[in-house]
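Please look over the model shown below before reading the report.

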There are 2 protein chains.
Amino acid sequence: MDEFGFIATLLAPLAAKEKGALGLKDDAAVLSVPSGQELVITQDAITQGVHFIGDEEPGLIARKLLRVNLSDLAAMGARPWGYFLSLMLPASADEAWLKAFAAGLRRDQKEFGMTLMGGDTTRIKGTLALSVSALGLVPKGRALKRSGARAGDGIFVSGTIGDAALGLQVARGEGRGARKDRKSSRSLTLDLRSSLLQRYRLPEPRLALGQALRDIATSCMDVSDGLMQDLGHMCAASRVGAEIRWEDIPLSQAVRAAVKPLKKPHECVLAGGDDYELLFTAPLSLQRTLRTIAGKIETRISLIGQMTKERAIKVLDEKGGKIVLGKSGWRHF
Amino acid sequence: MDEFGFIATLLAPLAAKEKGALGLKDDAAVLSVPSGQELVITQDAITQGVHFIGDEEPGLIARKLLRVNLSDLAAMGARPWGYFLSLMLPASADEAWLKAFAAGLRRDQKEFGMTLMGGDTTRIKGTLALSVSALGLVPKGRALKRSGARAGDGIFVSGTIGDAALGLQVARGEGRGARKDRKSSRSLTLDLRSSLLQRYRLPEPRLALGQALRDIATSCMDVSDGLMQDLGHMCAASRVGAEIRWEDIPLSQAVRAAVKPLKKPHECVLAGGDDYELLFTAPLSLQRTLRTIAGKIETRISLIGQMTKERAIKVLDEKGGKIVLGKSGWRHF
């Protein structure tokens, strides 16, 4: 299967629903943004050995690629529209790989209601690298932003935190042979290890929540580089500080079991990346509304602290003492 | 310089003009497409060892990256608006490299009137890989497409053809030491070699021409994978054939000199990639209008043949004989 065959047989069908994609046969897509809507665009790249191990089923890589981008759309309160894909393929990507990869795209396109609109397929001398631009739509002026949080607002997160960072440890342990497993996940049952791995490999973009928060949240972002670091970005954008309580951080059963033997469980949870949950602020008076939303979209929402006038970020233990973290999150360099 | 420092000090200033880029501080950009305009989006990736050698001045890599995308906007008749950048950096990209790269972006942004709107900066285990999504605007319904050419339409190209493919030979020769230069460029003067290299390294997106052709061309595309192959795509999209005349293909002085000693000069010119000239069709009755446009925007436009009802693509020599090519262009796999 050559480049043009791949595009015509495996990619073009994924672009069939959007007329503006021109069947992937032209130099660019030509799109009409519906009136009254703003365009939300994000672009995320993932590379082998950095964002994924490389031994994953190709469809899983495709789906993670779409989902890290969808998570950004969720954070802005946008609904997905379409995406552009840059696929930089090593020679090892054969026809079976391409088919499995395209099947992953097809599956998540359908699940999240978006369409391939264009992109580029090329060779790379090194290992697999991918980049996606995802397009979303949001009613004019109603996009959620990181700025806007006010002192006194409650700080909320969706789902549970820390699973994906521990899932990465599981993935690495598996990749190198079980004996090299890290301490925190070594003692877990297979079920718990699977659930952590799943969270690392296939994040759940919180699209319904993001859209439901449009007129409620004062600020919103997704947690991708570690809760503490991302909270820091939100505080900086909103010019406030934050106080969060360790015992209110929502932890899954697997994370609870994994961090139990650790002397410093906080860092692994609060500075671990890849959660792709939504972190947002809202007036505490809206807690009841948030409970209704959580029930309706079947997504856990937890109040974990409050924004403060003092521009510092503190994590408090159950006795109100300050927990000091060695690192706050992930940076690429 | 860490990831966030790089974004704040070198990239954020490039996004300052577009309010919707949110200072590169949010999860996504929020853009309002002006009413009456359609959005044109293209995405092109380039990787080290495939699209560039790697020893180039970093600013040149940045500018080529933007220009290959701008060339697609030109082909649609769009005017540039903004771009999203995925930068997948090996550990060898130090602060000096990042600064030079950003300087290249800044220079071409200004030249072509576009703004950085977002993107992603990440590590790669292999060599440098980059992807850009470029956004352009075009009045509703007036984008140029590959389809639309009719039998009898004249086939035109801008500039000269074949320079970049020969420039790649020069670049490869230089990279490996002059003695390994290819036959076709070995005998050239330094001036001619420089001009070929320049065309390979820094294509000239034909933006003014693309916009001028909006109500004139029946079809348009950019020549990136080789004139013959790209003409094939245009013919397929328009359901016509083509007949072009070898002696009417516009060749620069450098290309003429380089292909003179070759037994088969045609293939090197007609199947070589990276020209980034516009290939378009228009009624022959509009030749005078095209001459006026060419003069106004100071861009050479050459009539090289005619679209035909018969769905074959032929290259004719000066005596009307058919020239047979061994290959028609570049494919990545």
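## Terms and basis

Two strands are said to pair if DSSP finds at least two bridges between them, where helices (H or I, at least four residues) and strands (E, at least two) are DSSP runs numbered from the N terminus. This is a predicted model, in which local features need pLDDT of at least 70 and side-chain atom pairs count only at pLDDT 80 or more, while totals for chains, interfaces and linings use all residues. Residues are numbered from 1 along each chain as its sequence is written, and chains are lettered from A and ligands numbered from 1 in the order in which they are written.

## Pairing and contact between the chains

Strand 2 of chain A pairs in the antiparallel sense with strand 1 (residues 29-31) of chain B, over three bridges. Within strand 1 of chain B, the residue opposite Ile41(A) is Ala29(B).

## The six-stranded sheet

Chain A holds an open sheet of six strands in the order 7-9-6-10-8-11, with mixed pairing. Its edge strands, each of which pairs on one side only, are strand 7 (219-223) and strand 11 (313-316) of chain A. Strand 8 (residues 241-245) of chain A and strand 10 (residues 301-308) of chain A are joined by four bridges in the antiparallel sense, and Ile244(A) has Gly305(A) in strand 10 of chain A as its bridge partner.

Helix 8 (residues 227-238) of chain A lies across strand 7, strand 8, strand 9 and strand 11 of chain A, and runs at about 155° to strand 7 of chain A; axes here are lines fitted to C-alpha atoms, for helices over the stretch in contact, with angles from 0 to 180 degrees between N-to-C directions.

Tyr83(A), placed in strand 3 of chain A, is buried because 31 other C-beta atoms lie within 10 Å. The cut-offs are 20 or more such atoms for buried and 12 or fewer for exposed, with partly exposed in between, and C-beta atoms are placed from the backbone. Not counting residues up to four places away in sequence, Tyr83(A) touches several residues, including Leu66(A), Asn69(A), Met114(A) and Val132(A).

Technical notes. Contact = placed C-beta atoms within 7 Å.
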